[in-house]
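Welcome! Take a moment to look over the sequence and the model, and then let us walk through them together.

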Amino acid sequence: GVHRQVLFTTVGWFAGYYLAKRTEYMYAKVDRELFEYVRHHPEDFKAAGRKKKIGTLESPQLAIMYRLR
């Protein structure tokens, strides 16, 4: 009856809430460890060079292909 639907809905909501919080915690823990590693080893993670603009492409074939669009 209705009481079972309410019971299963409540149990499902609590299980989903717990699993969502657990996954958020696990990802936060991995992120914390990763950022700590990056902070301790900056020589391994140097800033990238200048980014390319949209108009500058290395290959002439790509430039022609983008102009034809």
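## Lys21 and its partner

Lys21 is partly exposed, with a relative accessible area of 42%. In this predicted model, Lys21 forms a salt bridge with Glu24, and the closest N and O atoms of the two are 3.9 Å apart. That distance counts because the cut-off for a salt bridge is 4 Å. Glu24 is partly exposed as well, at a relative accessible area of 49%.

## A second salt bridge

How many salt bridges are there by this rule? The count comes to two. Besides the pair already described, the side chains of Glu36 and Arg39 meet in a salt bridge, with 2.7 Å from N to O.

Glu36 and Arg39 also belong to helix 1, where they lie three residues apart, about one turn of the helix. Are these residues exposed or partly exposed? Glu36 counts as partly exposed, at 34% relative accessibility, whereas Arg39 is exposed, with a relative accessible area of 57%.

## Aromatic rings

Next come the rings. A search of the whole structure finds three aromatic pairs. One of them joins Trp13 and Phe14: the ring centres are 5.0 Å apart and the planes stand at 85°, so the pair is edge-to-face. Trp13 is exposed, with a relative accessible area of 53%. Trp13 and Phe14 also form one aromatic cluster together with Tyr17.

Another pair is made by Tyr37 and Phe45, whose ring centres are 6.1 Å apart. The planes of Tyr37 and Phe45 are at 85°, so this pair is edge-to-face too. Tyr37 is partly exposed, with a relative accessible area of 40%, and Phe45 counts as partly exposed at 42% relative accessibility.

Which residues make a nonpolar surface patch of about 320 Å²? Leu7, Phe8 and Val11 do. Phe8 has its place in helix 1. The relative accessible area of Phe8 is 57%, so Phe8 is exposed.

## The chain as a whole

How much of the chain counts as buried? Of its 69 residues, 1% do. A residue counts as buried because its relative accessible area is under 20%. The chain exposes about 7200 Å², and carbon and sulfur atoms supply 64% of that area.

Notes. Residues numbered from 1 in each chain as written. Predicted model: local features only at pLDDT ≥ 70, side-chain atom pairs only at ≥ 80, totals over all residues. Heavy atoms only, no water. Buried < 20%, exposed > 50% of the residue type's maximum accessible area, 1.4 Å probe, protein only. Areas by Shrake-Rupley, 256 points an atom, 1.4 Å probe, with all protein chains shown as cover. Helix = DSSP H or I, 4+ residues; strand = E, 2+ residues; numbered from the N terminus. Patch = residues over 30% accessible without salt bridge, like charges linked within 9 Å, V, L, I, M, F, W, Y side chains within 5 Å. Phe/Tyr/Trp six-rings, centres within 6.5 Å; stacked < 30°, edge-to-face > 60°.
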